[in-house]
Amino acid sequence: MSHRQSAAGVEPRTVLLTGFSQYGSYFYNTSEEVVRALHGRTVRGFKVEGVVLPVSLRVVRSVLPKILDEIKPGVVIGTGLNPSARRV
């Protein structure tokens, strides 16, 4: 266990940032772009691990537990695209 790791194996200074790939008629998904831009960066002492997920609940249910087990983030931030949104 590293000195930063908690007893539960969680990396408290690691953030898992998720976004989604393109879907339907939306060939540009801003959540994917944000994840790609921040992946691997350190923001105010927090390491960002970015993962782009497919737009499929079945697949996400299958892969997300594995991702959580591998990265062991202290925080998870999920982002997505709302085509009708006028602002963030």
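Trainee: Which residues is V51 in contact with, leaving aside its neighbours within four places in sequence?

Mentor: In this predicted model, V51 is in contact with L16, L17, T18, G19, V35, I67 and I71. Contact here means heavy atoms within 4.5 Å.

Trainee: What is the bridge partner of T18 in β3?

Mentor: V51 is the bridge partner of T18. The strands β1 and β3 pair in the parallel sense, over seven bridges.

Trainee: What makes β1 and β4 count as paired?

Mentor: Pairing needs at least two bridges. β1 and β4 have five, in the parallel sense, so they count as paired. In that pairing V15 stands opposite V75 of β4.

Trainee: Why is L16 called buried?

Mentor: Its relative accessible area is 0%. Buried means under 20%, so L16 is buried. L16 lies in strand β1, residues 11-20.

Trainee: Which residues does L16 touch, not counting those up to four places away in sequence?

Mentor: L16 touches E49, V51, L64, I67, L68, I71, P73, V75, V76 and I77. I77 is 61 residues from L16 in sequence, while the C-alpha to C-alpha separation is 6.2 Å.

Trainee: Why is β1 described as largely enclosed by the rest of the structure?

Mentor: Seven of its ten residues are buried, so β1 is described that way.

Trainee: Which residues form the largest nonpolar core?

Mentor: That core has six residues: L16, V51, L53, V60, I67 and I71. The elements giving two or more residues to this core are β3 and α2. The largest share, three residues, comes from α2. As a general matter, nonpolar side chains in soluble globular proteins tend to be buried together.

Trainee: What makes this set a nonpolar core?

Mentor: Membership asks for buried residues of listed types, Val, Leu and Ile among them, joined through side-chain atoms within 4.5 Å. L16, V51, L53, V60, I67 and I71 form such a set.

Trainee: How do you know that the buried residues of α1 line one face of the helix?

Mentor: The buried residues of α1, which spans residues 30-38, are S31, E32 and V35. Seen down the axis of α1, they fall within an arc of 100 degrees, so they line one face. An α-helix has 3.6 residues a turn, so residues three or four places apart point the same way. What covers the buried residues of α1 includes β1 and β3.

Trainee: Why is S31 called buried?

Mentor: S31 has a relative accessible area of 2%. The cut-off for buried is under 20%, so S31 is buried. Leaving out residues up to four places away in sequence, S31 touches G19, F20, T79, G80 and L81.

Trainee: What makes the pair S31 and N29 a polar contact?

Mentor: The side chains of S31 and N29 make this contact at 2.8 Å. The cut-off is within 3.5 Å for a pair of N or O atoms, and 2.8 Å meets it.

Trainee: Where are R44 and K72?

Mentor: R44 is in the loop between β2 and β3. K72 is in the loop between α2 and β4. Phi of R44 is positive, near 50 degrees, in a residue other than glycine. K72 is not a glycine either, and its phi is positive, about 50 degrees.

Terms used. Residues numbered from 1 in each chain as written. Predicted model: local features only at pLDDT ≥ 70, side-chain atom pairs only at ≥ 80, totals over all residues. Heavy atoms only, no water. Helix = DSSP H or I, 4+ residues; strand = E, 2+ residues; numbered from the N terminus. Buried < 20%, exposed > 50% of the residue type's maximum accessible area, 1.4 Å probe, protein only. Arc of directions from axis to C-beta. Polar contact = N/O pair within 3.5 Å; in protein donor to acceptor, adjacent residues only side chain to side chain.
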